[in-house]
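Open the model in your viewer and keep the selection panel at hand.

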Amino acid sequence: MKLVQVALDKDPYPIYIGSGTIKNRSLWQRHLAPGPVLVISNETVAPMYMDSLKRGIGNREVHEAIIPDGEEYKTAVCWKRLIDHLADMGATRDSTVIALGGGVVGDLAGFTAATYMRGIRVIQVPTTLLAQVDSAIGGKTGINLRQGKNLAGAFHQPHAVISDIDTISTLPEREYAAGLAEVLKYGAIRDAGFFHWLDANRDTINSRLTKVLVEMVQRASAHKAAVVAADEKESGERALLNYGHTFGHALETATQYQQFLHGEAVAIGMVLAARLSERIGLCGAGAADALQELLSHWNLPTQIPAGSDAQQLFDLMQLDKKAKHDGLRLILINALGKACIYKDTAASDLLAVLKDQ
Ligand SMILES: NC(=O)c1ccc[n+]([C@@H]2O[C@H](COP(=O)([O-])OP(=O)(O)OC[C@H]3O[C@@H](n4cnc5c(N)ncnc54)[C@H](O)[C@@H]3O)[C@@H](O)[C@H]2O)c1
């Protein structure tokens, strides 16, 4: 088992990564608060992993709340149901919420824990690759409103993150690949060595070899942990994690969130951001092709769909929340492994990249 620390000044916490961690009794003994436990999961994940988790927890008062599967359930209605569940079971400040699932469950369960009695303990047990390397780490929790995604939320750091690599074996192909896009992002923005390691292990990563996955998740988690520790509330360095995301969000919006998983849109966005970086001379030639080649090898999309409206994507990018009031701020790269915030993108360069497919 590997260990990564999220070195926050106040309340640092561990991330455990390995095979079978879900049922590791000593981890649970170390991290559960003394009171009753509520495990929040969904209809897909619970049948697969709830029993193992409960075996790991052992002799405790454990309650379960199972929500339907889907982003459309990351809502105030589900949050209210969960808060009521905690109150009905008599949860106190001594209780623990466990989030067993992907990012949707993690965000919703985290927000439930953040808001019940002004904050009780949450342990994240992420079961998607994306959740293991990204959403379970860093304390961002929230729900979607009719007016937009993640509009209500809170920063609430977990007490521990328990990533069980065995859960990755049951992930659908597309979900796995979408997680790989977020993994590759860390290489692109802050670690060329990691990028080359991913490239060299591309096939064993494709076949989900446990040993390689443990190292991959450990290295990616360490990147997320380092960024969070340096910038807990997302004012500086954490913004670099949005590499590929402004392009990606525009694509997701233009396709009404129907065509791409988030990670797939980010894959296209990372290639476009690299192409723009090369075009304006920020980055030497070759980075975009290298990114594109590896992402394609993992069956991720790397180009804007034929027939897309470049002007519409351009307009949507101006609306992105990262555009702020002082114009579009894009995360671009100086080289593979080195990202920067760039504020002076000319409209003509951006449009050219959006058209040049
Ligand atoms: N809090 C953050 O910092 C942060 C960061 C990035 C994304 N997010 C949020 O994360 C969410 C996306 O997370 P996601 O990509 O994990 O999606 P998800 O939670 O919807 O999971 C994807 C699918 O995989 C299924 N699944 C989960 N684990 C499985 C397993 N082990 N085997 C088989 N199927 C499994 C789920 O039931 C679901 O159908 C979004 O709501 C996004 O806003 C949050």
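Select helix H6 (residues 173-190) and helix H7 (residues 192-200): their axes come within 6 Å and cross at roughly 140 degrees. Axes here are lines fitted to C-alpha atoms over the stretch in contact, with angles from 0 to 180 degrees between N-to-C directions. H6 and H7 are therefore oblique to each other (under 35 degrees is roughly parallel, over 145 roughly antiparallel, 65 to 115 roughly perpendicular, the rest oblique). Helices (H or I, at least four residues) and strands (E, at least two) are DSSP runs numbered from the N terminus.

This is a predicted model: local features need pLDDT of at least 70, side-chain atom pairs count only at pLDDT 80 or more, and totals for chains, interfaces and linings use all residues. Residues are numbered from 1 along each chain as its sequence is written, and side-chain values use heavy atoms, with hydrogens and water left out.

Next, show side chains at the contact (heavy atoms within 4.5 Å). Val183, Leu184, Tyr186, Gly187 and Arg190 of H6 meet Ala192, Phe194, Phe195 and Leu198 of H7.

Now select Trp79 in helix H3 (residues 76-88) and Phe111 in helix H4 (residues 103-115), 32 residues apart in the chain.

Last, go to the second largest pocket and select Lys10, Asp11, His156, Gln157 and Pro158, which lie nearest its centre among 16 lining residues. A pocket is an open set of points on a 1 Å grid over the protein atoms alone, where a 1.4 Å probe fits, with protein on both sides within 12 Å along at least five of seven lines; lining residues have an atom within 4 Å of a point. Strand E2 (13-18) and strand E6 (121-126) each supply at least two lining residues.
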